[in-house]
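Let's take a walk through this structure together, one cross-link at a time. Have the sequence and the 3D view open as you read.

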Amino acid sequence: MSDRRVRRRPFPPQRLARLAPPVLAAMAVLAGSGVAAAAGMVADAAPLAIHVQLPPPRPADLDRVVSLPRTAPLPPPDPRRQPAVEEATAPAGTEATPAAPSGSEGGREPPAEADACDRLLPDARVVARRLEPMGYGSGCGIPDPVQLEAVVLDDGRRVPIEPAPVMRCALAAAVADWARQDLAAIAAKAGAPLTRIANAAAYDCRGRNRVNGAKLSEHGRGNAIDIRSLTLADGRVLGIAPRGLPAGIAVAWRESACARFTTVLGPGSDGYHEEHLHVDLAARRNGLRLCRWTLQ
């Protein structure tokens, strides 16, 4: 078989030129019909629904201006230093607003207090002297004060109170009876006669517990006294701290004080009376009495 090569003839350029316009026109028609069909399909298609979750509405009070404190909150108070009911303190930073002595009116001593002075001063068992009115009208003060210098016991011995406290007549009478009838007996129980009563504080225009801004203390009304110790004839000193008292003495001392006064604050009461005994005649609703003195 002979090897014959087929020779392809080139496409004439003239013929290509004649065929190009009809071919291009047909391609344009086909392309246009495809675009129209695609457009019709899009037009006939159902609209696409897209659900987008909206954010919650803006709170009505979002634009309200809130004033924040410029200082950090104070730490909780130490329960060991909590004030007792009588000696409670006012919030820090406030000024004390002391009231006038209870029961007084128009700068004159109430009848009950005036009667107490009339009974006290002539009593030969009490060494006291009358003073001029002090501080009345400023919140602190005593319209008819006395200075209690000493108490005369039943055996005639004179027991000084040093330094001599200034107070109301009703309190002076109560302290004198307490010393004569109870404290002298407590000293005798300890083994020696009573010779001196140490006064830590009496009339003093100040807030409770000496806290700045606290409510007016009963000391500011001449209605309280702080006793530091009792001195015996043999030189011994009976302090308030129970650890330094003979057996049974602290119990008798506390019982006598709580029986005579409406407020008694001693060691263990509130942290402010560890070295002295506070007693007063504060009047409370329903005759409430406060006796706080922890014995170990």
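Start with the link between Cys258 and Cys291, which is right-handed, with 65° about its S-S bond. Keep in mind as you look around that this is a predicted model. The sulfur atoms of Cys258 and Cys291 sit 1.7 Å apart, and the two residues form a disulfide. A disulfide, in general, is a covalent bond between the sulfur atoms of two cysteines. To find this one, go to helix α4 (residues 249-260) for Cys258 and to strand β10 (residues 290-292) for Cys291; the pair links distant parts of the chain, 33 residues apart. Cys291 is partly exposed, with a relative accessible area of 41%.

That was one of three disulfides in the structure. Count the bonded cysteines along the chain, and the pattern reads 1-3, 2-4, 5-6.

Next, look at Cys117 and Cys169, which form a disulfide with their sulfur atoms 1.9 Å apart. The torsion about their S-S bond is about 95°, so this disulfide is right-handed. Here the bond links distant parts of the chain, with Cys117 in helix α2 (residues 111-120) and Cys169 in helix α3 (residues 169-190), 52 residues apart. Buried or exposed, what would you say for Cys117? Cys117 has 0% relative accessibility, so it counts as buried. Cys169 also comes out at 0% and counts as buried.

The remaining stop among the disulfides joins Cys140 and Cys205, whose sulfur atoms are 1.9 Å apart. This link is right-handed too, with 80° about the S-S bond. Cys140 lies in the loop between β1 (126-130) and β2 (146-152), while Cys205 lies in the loop between β5 (194-201) and β6 (224-232), so the pair ties together parts that are 65 residues apart in sequence. Cys140, at 3% relative accessibility, counts as buried.

Now for the charged side chains. How many salt bridges are there? The count comes to 10, and we'll visit a few of them.

Stay with the loop between β1 and β2, since Asp144 is there too; its partner Arg130 is in strand β1, and this pair links distant parts of the chain, 14 residues apart. Asp144 and Arg130 form a salt bridge whose closest N and O atoms are 2.4 Å apart. Asp144 counts as buried at 13% relative accessibility, whereas Arg130 counts as partly exposed at 43%.

To finish, find the salt bridge where the side chains of Arg206 and Asp204 meet, 3.2 Å from N to O. Arg206 counts as buried at 13% relative accessibility, while Asp204 is partly exposed, with a relative accessible area of 22%.

Technical notes. Residues numbered from 1 in each chain as written. Predicted model: local features only at pLDDT ≥ 70, side-chain atom pairs only at ≥ 80, totals over all residues. Heavy atoms only, no water. Disulfide = S-S within 2.5 Å. Helix = DSSP H or I, 4+ residues; strand = E, 2+ residues; numbered from the N terminus. Buried < 20%, exposed > 50% of the residue type's maximum accessible area, 1.4 Å probe, protein only. Salt bridge = Lys/Arg side-chain N within 4 Å of Asp/Glu carboxyl O.
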